[in-house]
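User: Hi! Could you walk me through this one? I'd like to start with the ligands and then move on to the sheets.

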Amino acid sequence: MNSSLTLSLCTRCARRRSQVPQIRTRYPLSRYSTSTATLHDHPFRVAVIGSGPAGFYAAYRLLSKVSDVVVDMYEQLPVPFGLVRYGVAPDHPEVKNCEEKFTEVATSPRFNFIGNVAVGSQLPFQTLKPHYDAILFAYGAAKDRELGIPGEDAKKNVLSARAFVGWYNGLPEYRDLAPDLTAGEHAVVVGQGNVALDVARLLLSDVDALRKTDISEHALEELSRSKIKRVRVVGRRGPMQAAFTIKEIRELLQLPSVAFDAIPKDFLPPEDVVAKLPRAQKRLIQLLAKGSETNRSTAKKSWSLDFLLSPHSLHWSPMFPYRLSHAKFTRNEFASSDPFVPDAKVKQHFLSSGQQAQVNIPCNIFFRSIGYKSLPLPGFDHLGIEFDGRRGIIPNDGFGRVTSSTPTAEDTTTPLDHRHISHLPGLYCAGWVKRGPTGVIASTMMDAFGTADSIAADWEAHKSSSDAKISFLNSTSGSSTGLGWDAVRAEAIQRGLSPTSWGDWQRIDSAEKERGKAKGKPREKFGRVEEMLSVVR
Ligand code: FAD
Ligand code: NAP
């Protein structure tokens, strides 16, 4: 194609350009090959909302695949990395190695980090949208699921695993959580996923083993006072349906001076069934059957996996009304004849008298660990996004394109599933907000790559198709200004926001490492946003 740069100034862009303040972009056109700058006079601007693994892996893939893309990554906290920093357990430092890859991504001149800006609430989409060709939602799960049992809303020692994990990892939201680990010897964790095992392991670990990790100092202090000696991890189904994985179970079984209650034989599948299981499941069941070598009589602490129990209610001591005393559970039984299939369902177990079978478990601190939950961002209606509250995801086509059902007004009989589904131009999602709050970093990476590939393919098709079948943000009103953060910044400042840059994060990072050095830890995180900002202001 000849003189593509002249051709590149499409009328939509030219018109649009005259309407916006002309702020010089940090990425002059000369950076881009003429072959990639044929449709617009600006780079392909993508706003990524969230700086966890989904945001960073998608950014990495986009930057590698699309030569004219510029990624602006927005993060509500002044610091990056989402659950890698605030979820992954402090005694799993190797898992945090992905931060090195993310840091490499951030060195690209086509990448901007904009921290301390919560998109939707602090920065409305009306401000963001005109300046981007695409928005990629990768904002994870801001809440967790609730049990809905009496006592769950108590202020003291009835906690979500999300809050407790945030507290020991220095998440500002939970800096003042103040769990009381001295209230008694018994802890109960409801749910049998890997988060539940993280909580159990932290409670059972020798506090000296945690001193060399990046666990927050306030958590270390409380854990060193802890009186907890017994942790029960309770599931509503059986061992074959548990969500935890081998490595995490093995770690708990190998904790020094910690005993494990043997699982009653009839909960475990017979040998002929075990022999036919897929390899990973077979190893997990064998591990559970083998248990721990630590003797209960010599152990300092112990733990158990309790099965077929659903939480019913929480109870406080009549003598000390602020002291949680026990949790009541109802017994379940398998609804089908085969309790050893992974999707086996359960139902309540009733005694021959017709009464619900119940059991009380001593409990001085209670954790629910039954999964996280994503929420819609304020202003989604402005973008036409119909958040799926039941599944806790942004509706999408499985490849990361945000979809919308557009029922006609007169159609009230066709089930929603059968109504027309359309893509919302320029809107994409990745990670937990795309597929729900499950999956490890590796699966989140694959998922983010998938979404980035969709964006790259759509952009390519958009550029090469004359009838522009695939459109992006602002297509109907012309096109985006393509100015991205260069235009949004002024409005953010006007709104009183104090955005942090990647350089700011690097200074916070260095200060945290310096604070950690004195204590022999890799870092001592700042637990409050103001403390982080005071490093850079
Ligand atoms: P997140 O990591 O949650 O990132 C979302 C980001 O978006 C956050 O930084 C958040 O602050 C930001 N955000 C939210 N709202 C806004 C907004 N309005 N504006 C701007 N930014 C916003 N996986 C492993 O492989 N190994 C482990 O050991 C492991 N441990 C885990 C421990 C816990 C307790 C949990 C909960 C998960 C763990 N995982 C682990 C799973 C892993 O953390 C997830 O797969 C992954 O973090 C999901 O990535 P995400 O980017 O979708 O979400
Ligand atoms: P999860 O794996 O989905 O486990 C949730 C658990 O809660 C399940 O046992 C589930 O049982 C139970 N549950 C749900 N609703 C319940 C209810 N109403 N009553 C009782 N129990 C209920 O979620 P997670 O533990 O939060 O973990 C999220 C993801 O992060 C997972 O993919 C996990 O592997 C990952 N992660 C990984 C690591 C690691 O690699 N080390 C560490 C932490 C987290 P049912 O099956 O019966 O619904």
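Predicted model: local features only at pLDDT ≥ 70, side-chain atom pairs only at ≥ 80, totals over all residues.

User: Great. How many residues surround ligand 1, and which are the closest?

Analyst: There are 32 residues around ligand 1, and Glu75, Trp432, Gly439, Ile441 and Thr444 are the closest. Being near here means having a heavy atom within 4 Å.

User: What polar backbone atoms does ligand 1 meet?

Analyst: A nitrogen atom of ligand 1 sits 3.0 Å from a polar backbone atom of Gln76, and an oxygen atom of ligand 1 is 3.0 Å from one of Leu83. For Gly439, a backbone N or O atom lies 2.7 Å from an oxygen atom of ligand 1. A polar contact is a pair of N or O atoms within 3.5 Å; within protein, one must be able to donate a hydrogen and the other to accept it, and residues adjacent in sequence count only if both atoms are side-chain atoms.

User: Why does ligand 1 lie between the domains?

Analyst: Domain 1 (1-143 + 379-500) and domain 2 (158-368) both give residues to its shell, so ligand 1 lies between them. The domain bounds come from an automatic or database domain assignment.

User: On to ligand 2. Which residues come nearest?

Analyst: Of the 21 residues around ligand 2, the nearest are Gln192, Arg236, Arg237, Glu248 and Gly439. An oxygen atom of ligand 2 is 2.6 Å from a polar backbone atom of Gly439, and an oxygen atom of ligand 2 is 3.0 Å from one of Gln192. The protein covers 79% of the 920 Å² of accessible area that ligand 2 has on its own.

User: Which helix gives the largest share of that shell?

Analyst: Helix α8 (residues 194-204) does, with 3 residues. Helices (H or I, at least four residues) and strands (E, at least two) are DSSP runs, numbered from the N terminus.

User: Let's switch to the sheets. What is the strand order in the parallel one?

Analyst: That open sheet of 6 strands runs β6-β15-β7-β8-β10-β9. At its edges stand β6 (158-160) and β9 (258-260), each with a single partner strand, so one side of each is left without a neighbour in the sheet. Strands pair if DSSP finds at least two bridges between them. Within this sheet, 5 bridges join the parallel strands β7 (residues 186-190) and β8 (residues 230-234), and the bridge partner of Val189 in β8 is Val233.

User: What about the mixed sheet?

Analyst: The open sheet with mixed pairing has 6 strands in the order β3-β2-β1-β4-β18-β17. Its edge strands, β3 (111-114) and β17 (401-405), each pair on one side only. Strands β1 (residues 44-49) and β2 (residues 69-74) run parallel and are joined by 6 bridges, with Ala47 opposite Asp72 in β2.

How values were computed
Residues numbered from 1 in each chain as written. Chains lettered and ligands numbered in written order. Heavy atoms only, no water. Areas by Shrake-Rupley, 256 points an atom, 1.4 Å probe, with all protein chains shown as cover.
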